[in-house]
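I opened this notebook to record what I looked up in one structure. The entries go from the whole chain to single residues.

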Amino acid sequence: MVLMVFFSLLLSNSVSAIVLGPLENLLGKIRHTASKIFQSVTTMAAAKHNQEEDEEDSDSEEAGDAAHTFRAETALLTKVVRKLSALNEVCDHKKHDVGTERGMDERDRWVLASLEADHREGWNRYGSMDAVGDEERDLLNDTLRAQTSMAESAGLSLDLLNSWNLNPLELDRARNLAAATYFLGPHNHGLRAGASETARFLEEAERGYVKSNPYHNWFHAIDIAHCVYRLLLLCGADTYLTGVERFAILLSAICHDIGHPGVNNMYLIESSHDLALCYNDRAPLENMHAAKLFEILNNSKCDVLGQLTTTQFWEARRVAIDAILHTDAAKHFHIIKEVQMCYEMNSDVFERSADSYYTDEASFPTAQAVDVFRLPESRRFLSNLMLHIADMSNSMKPFRICRIWAWQILEEFFAQGDNERNVGLPVQMMNDRTKMNRAFSQVAVIEFLTAPLAFGAAKVLPPLGPHAAAVLQNARQWQQTWLRDAAPAPSESEREAMGERIRKLQNRYKDQVNM
């Protein structure tokens, strides 16, 4: 009997400790959260009541009192239900839609954060070098001056680095190295990286690229790093991406194609290449590129992330791997869909943001756009989008540069096609040099790949509007090149069909890009 009493007490205490205690804590949090919700509702009710009082007609005050009260309570109830529904949706899905925070005041945001248990760091982590101490800022400024001097000594003007006229294929090794060093500099992310580690990192990265590749080479890496640098700057990324995230994207740009063998994933898979076997046919190239990036960083002499905390390092690793994996061509239409979903969920915010930008470019991003962009899922999406746009940016640049890079990548495609023919594999559509007209192929690339990305992204990030316009202009240039150089000359029906494609592209631009 004594033993039964003892074990009963022990069981009771165990239940209290294991179940009742945590349950009481949970209920306490719910009561606290509920009080916040009802404080918010009370505020809404008071505001609604005051509004109704102002709008009442004094001559019919008594007669209309009941009707006004009913309408006020109905409108209030509707708002409360919508608010609770949004918060419940957040809890059910463990993450909220991109537009959920729109229109919420500070109390509402507190409720949302409480229900999400989203332990975000303070917004000051988005700041630039202004957020650091005086001593650290002086050190970072000294580094910036040294990198700027290095670029200028190599014959690179800041005007060129900050324009879309930079073409690494036209630069020598020293100037490309100076440009890459500048792109990775602290003025772009506010983090400190040792000068010797940065130099060694870039040397190892350059060594990792295959020099004989016409396209996927070190020049391409510099080109994409330049594009990411420009996108981060133009789109005001320092207001919504952390310094760690921005640095990780820039490092990813440098190594996003490192070790590329000059053939695509399909070739690797169909030929049972070691990379395809290693990564089980799942994005073998992109997985290899990400792995090589961190192989370099694992060398202490190249570790530009060595100053980061453990938490920051894992954040940088996640961002870098995810961004590189999203350069896989198989992810392209998924990214376009994400862009479209992001816009549709926040169309009113982005429409106002675009109107503001086209009135005053310095106004972007607006406070409302920043609120959307700072959401965790938005930051992941934008980090991947920045690198993917950069990797697809050839057709968004001045035609002179666009044409040079197009010729380079087509030459690499044709070399792969020659290999496919030699080993008995089917020659992929873009790879047959005997059948493919270069200019004609580039119209198709723009029409089906680049334009949907550029037009959609410009609606979310208005500073990309000029690049969307460049895509359309380059399509016209390729059309003219095809008409002039095609042999045999295009027939009248072929000319009309091409003209119709360009007109449709122009109409899509007018419909989708708010210029």
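The entries below follow the order in which I looked things up.

**Entry 1: the whole chain**

I note at the outset that this is a predicted model. I looked up the secondary structure and found 21 helices and 0 strands in the protein chain. I then turned to burial: of the 515 residues of the protein chain, 45% count as buried. I also looked up how far apart in sequence the contacting residues lie. Among contacts with a separation of 6 or more, 74% join residues 24 or more positions apart.

**Entry 2: helices H19 and H21**

How do the axes of H19 and H21 cross? I found that the axes of H19 (residues 438-460) and H21 (residues 492-512) come within 10 Å and cross at roughly 10 degrees. Angles under 35 degrees count as roughly parallel, and H19 and H21 are therefore roughly parallel to each other. I listed the residues that meet. On the H19 side they include Phe 440, Val 443, Ile 446, Phe 448 and Phe 455. On the H21 side they include Met 498, Ile 502, Leu 505 and Tyr 509. Charged residues also take part, among them Glu 447 and Lys 459 in H19 and Arg 501 and Arg 508 in H21. By class, I recorded 12 nonpolar, 2 polar and 4 charged residues in the contact of H19 with H21.

**Entry 3: helix H17**

At 1.5 Å a residue, the 16 residues of H17 should span 22 Å, and the end C-alpha atoms of H17 are 23 Å apart, which agrees. I then looked up burial in this helix. Of its 16 residues, 14 are buried, so H17 is largely enclosed by the rest of the structure.

**Entry 4: cysteines**

How many disulfides does a search of the whole structure find? I recorded 0 disulfides. Cys 227 is in no disulfide, and the nearest cysteine sulfur, that of Cys 235, is 9.8 Å away. A disulfide needs the two sulfur atoms within 2.5 Å, so the sulfur of Cys 235, at 9.8 Å from that of Cys 227, is too far for a bond. I also looked up the burial of both residues. Cys 227 is buried, with a relative accessible area of 2%, and Cys 235 is buried too, with a value of 0%.

**Entry 5: Asn 346**

I located Asn 346 in the loop between H14 (332-345) and H15 (347-359). Is Asn 346 buried or exposed? I found Asn 346 buried, with a relative accessible area of 0%. The C-alpha atoms of Asn 346 and Val 372 are separated by 8.0 Å, and these residues are 26 residues apart along the chain.

**Entry 6: cis peptide bonds**

I noted that the peptide bond from Phe 364 to Pro 365 is cis, with omega near -5 degrees. Pro 365 is in the loop between H15 and H16 (367-373). The peptide bond from Ala 487 to Pro 488 is also cis, with omega near 0 degrees. Pro 488 lies in the loop between H20 (465-485) and H21.

**Entry 7: positive phi**

Asn 280 is not a glycine, yet I found a positive phi of about 55 degrees. Asn 280 is in the loop between H11 (274-278) and H12 (284-297). At 57% relative accessibility, Asn 280 counts as exposed. Ala 283 likewise has a positive phi, near 45 degrees, and is placed in the loop between H11 and H12. At 16% relative accessibility, I recorded Ala 283 as buried.

Note on methods:
Residues numbered from 1 in each chain as written. Predicted model: local features only at pLDDT ≥ 70, side-chain atom pairs only at ≥ 80, totals over all residues. Heavy atoms only, no water. Axes fitted to C-alpha atoms, helices over the stretch in contact; angles between N-to-C directions. Helix = DSSP H or I, 4+ residues; strand = E, 2+ residues; numbered from the N terminus. Parallel < 35°, antiparallel > 145°, perpendicular 65-115°, else oblique. Contact = heavy atoms within 4.5 Å. Buried < 20%, exposed > 50% of the residue type's maximum accessible area, 1.4 Å probe, protein only. Expected span 1.5 Å × (residues − 1).
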